[in-house]
Amino acid sequence: MSTVTEFVDVAVPVRTAYNQWTQFEEFPRFMEGVQEIRQLDATHTHWKTEIAGVKREFDAEITEQLPDERVAWKSTEGEKQAGVVTFHRLDDTTTRVTVQMDYDPQGFVENAGDKLGIVDRRVKGDLKRFKEFIEERGGIESGGWRGQVDRP
């Protein structure tokens with residue numbers, strides 16, 4: 001397993017950043033390589049990705065969700081990955097969004113990309129695009145889910 005940890009500071013309140021992040025179907029708008037995400041129910045999503053020519057589909061389960069604090073997930077089939085995104089209030093109008101993800105690269109291309117730091121750069125770029133996405137909206141989220149999912 002490999003691990004990547006990246007963060008970005010966004011010029012929106014923590015509630016706004018968190019609410020936008022819970023809109024999983026919007027991820028393709030700022031996550032490179034994510035083609036589609038369907039929210040199946042409150043804790044399950046279906047992902048379609050294409051990264052470096054490798055197409056994948058997999059399901060993920062939200063394993064913990066605390067409003068304005070964190071969202072944790074793990075894949076339930078296909079590509080093995082798990083992670084957590086946390087939201088830290090820096091002041092009334094600034095939030096640090098941190099992503100930590102563990103993943104298991106498959107095959108030569110993914111292992112080579114892992115060694116070259118491509119996944120780290122991809123996550124960093126995705127967070128930069130998330131920052132631009134929410135800030136360009138004037139700090140207005142496209143929705144939000146305030147439910148809680150307790151850690152198993």
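Which residues form one aromatic cluster? Trp21, Phe24, Phe27, Phe30, Trp47, Phe58, Phe130 and Phe133 do.

1. **Before you start.** This is a predicted model, in which local features need pLDDT of at least 70 and side-chain atom pairs count only at pLDDT 80 or more, while totals for chains, interfaces and linings use all residues. Residues are numbered from 1 along each chain as its sequence is written, and side-chain values use heavy atoms, with hydrogens and water left out.

2. **Aromatic pairs.** The whole structure holds ten aromatic pairs. Rings of Phe, Tyr and Trp (its six-membered ring) pair if their centres lie within 6.5 Å; planes under 30 degrees apart count as stacked, over 60 as edge-to-face and the rest as tilted.

3. **Trp21 and Phe130.** The ring centres of Trp21 and Phe130 are 5.0 Å apart and their planes stand at 75°, so this pair is edge-to-face. Trp21 sits in helix H1 (residues 14-21) and Phe130 in helix H3 (residues 118-136), so to speak distant parts of the chain, 109 residues apart. Helices (H or I, at least four residues) and strands (E, at least two) are DSSP runs, numbered from the N terminus. Trp21 is buried at 5% relative accessibility, and Phe130 is buried at 0%. Buried means under 20% relative accessible area, exposed over 50%, partly exposed in between (1.4 Å probe, protein chains only).

4. **Phe27 and Trp47.** With centres 6.0 Å apart and planes at 70°, the rings of Phe27 and Trp47 are edge-to-face. Phe27 lies in the loop between H1 and strand S2 (34-41), and Trp47 lies in strand S3 (residues 44-51), 20 residues apart. Both residues are buried.

5. **How H1 meets H3.** The axes of H1 and H3 come within 11 Å and cross at roughly 110°; axes are lines fitted to C-alpha atoms, for helices over the stretch in contact, and angles run from 0 to 180 degrees between N-to-C directions. The two helices are therefore roughly perpendicular, a word used for 65 to 115 degrees, with under 35 roughly parallel, over 145 roughly antiparallel and the rest oblique. Thr16, Ala17, Gln20 and Trp21 of H1 make the contact with Leu127, Phe130, Phe133 and Ile134 of H3. Contact means heavy atoms within 4.5 Å.

6. **Val4.** Look for Val4 in strand S1 (residues 2-10). Val4 is buried, with a relative accessible area of 1%. The C-alpha atoms of Val4 and Gln100 are separated by 5.7 Å, although these residues are 96 apart along the chain.
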